[in-house]
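Trainee: Could you take me through the sheet in this model, strand by strand, and what packs against it?

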Amino acid sequence: MTTATLRVQNWVPYMYKEALVFCPGYNTCMKSALQSLGQFLAMTKLSQHVYPFVFVWPGSKNVGFSLASKIAASDINQQNMLKLVKGLGAAGIDKVHFMTHSMGAQTLLGAFRDKYDENGKCIGRSDVSMCFQLDPAFDDAEGPAGGKPQQSTDQMICKSITMLNPDFPVKAFVDRAFLSIRRVCQTITLVGDRNDRALWWSSFCMGTFPHFGYEFPEVLRPTVAPYKQTKWALMERTGRSIDKLYFTAAEGQQYHDGGNDDAFRRQLFNKAESFDFSGRTKDANNDNRFWLDMDVIDMTGLDTNIKGMRHSGFSLNGMLLKDLAELLSSGNRAIKRSTLLFREGNIFSYAHAPAFVVQ
């Protein structure tokens, strides 16, 4: 059986260009995904810096929401992402940006999910993750042999991962998914909206489906172990519950008990933060929250070119377009970008007054 490939005759890649891989969300066909990314590129000057690619997966529609979630996290989807990444490397591209929207985050994080044994112990990185170099600032000592994995010059560099209104459970992201991408990328950005109505319905549905026999894929479970929901509750999504992307003191204690204090510290937004051996912070102002080392952008205050569901707007809203273009072209973290204001922890918001504010 042969594998289909795409070849562009007489194409000479520009050595300074990087790849931008876009993973669309639920209920998005190939035409819509291409239109969204095309609009995004047309409103910016990113075409000068990146080669755009769309990873189109079977996103289902209407009543197929739970099916789409399983497909996004499936092994087949992971293998297809692996083919794309290897194809980029074979074409001479060595730096890659990933951008997702909504359930596209499940596709990307499913592709990067770590491998675990039957006891729930991490035994290695995914095949997609192994295509990328470890981030130089992140010491990954979680290998099968307990030592640092060997780097290779053949591996690509993951320049940035940007998740727009991600439809991904908070607990699973904090517990495992964040670590799986942080070890290969230091510029991780999440753009969310506290009033995202589509993600509220996703939280409601995913809190309801288990009572009718639905089983979450491993990457979406709160823990690696099989999960059984005993009572109904909203399953919060990262794109809406943007102020909950942190480790609690109890989770810090678990890292300490396992002798992984260094691994814990390297996942923190403020690595200089002090905490004692109980895993509790000594900074009274921190409120025992250990914020993940990522930039969380609160777009709740933006009110132009955003539909009533407040679930999309990255291809039309001027503030968002300008910020994402700066992120992808410069690689700067939020603290160094011109349109953002620091709020707390790892949360930033746009320096933009709502339309109803007048002088």
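**The sheet and its helices**

Mentor: Val 21 stands opposite Phe 53 in E2. Strand E1 (residues 18-23) and E2 pair in the parallel sense, over five bridges. Two strands pair if DSSP finds at least two bridges between them. Strands (E, at least two residues) and helices (H or I, at least four) are DSSP runs, numbered from the N terminus. This is a predicted model: local features need pLDDT of at least 70, side-chain atom pairs count only at pLDDT 80 or more, and totals for chains, interfaces and linings use all residues. Residues are numbered from 1 along each chain as its sequence is written, and side-chain values use heavy atoms, with hydrogens and water left out.

Now the whole sheet. It is open, with eight strands in the order E2-E1-E3-E6-E7-E10-E12-E11 and mixed pairing. Strand E2 (50-54) and strand E11 (340-344) stand at the edges; each has a single partner strand, so one side of each lacks a neighbour in the sheet. On average, neighbouring strands are turned by 25° against each other, direction ignored.

Next, the helices. H3 lies across E1, E2 and strand E3 (95-101), running at about 165° to E1. Angles run from 0 to 180 degrees between N-to-C directions; axes are lines fitted to C-alpha atoms, for helices over the stretch in contact. Contact means heavy atoms within 4.5 Å. Helix H9 (residues 318-330) also packs on the sheet. H9 touches E1, E3, strand E6 (157-164), strand E7 (188-192), E11 and strand E12 (347-350). The direction of H9 makes about 165° with that of E6.
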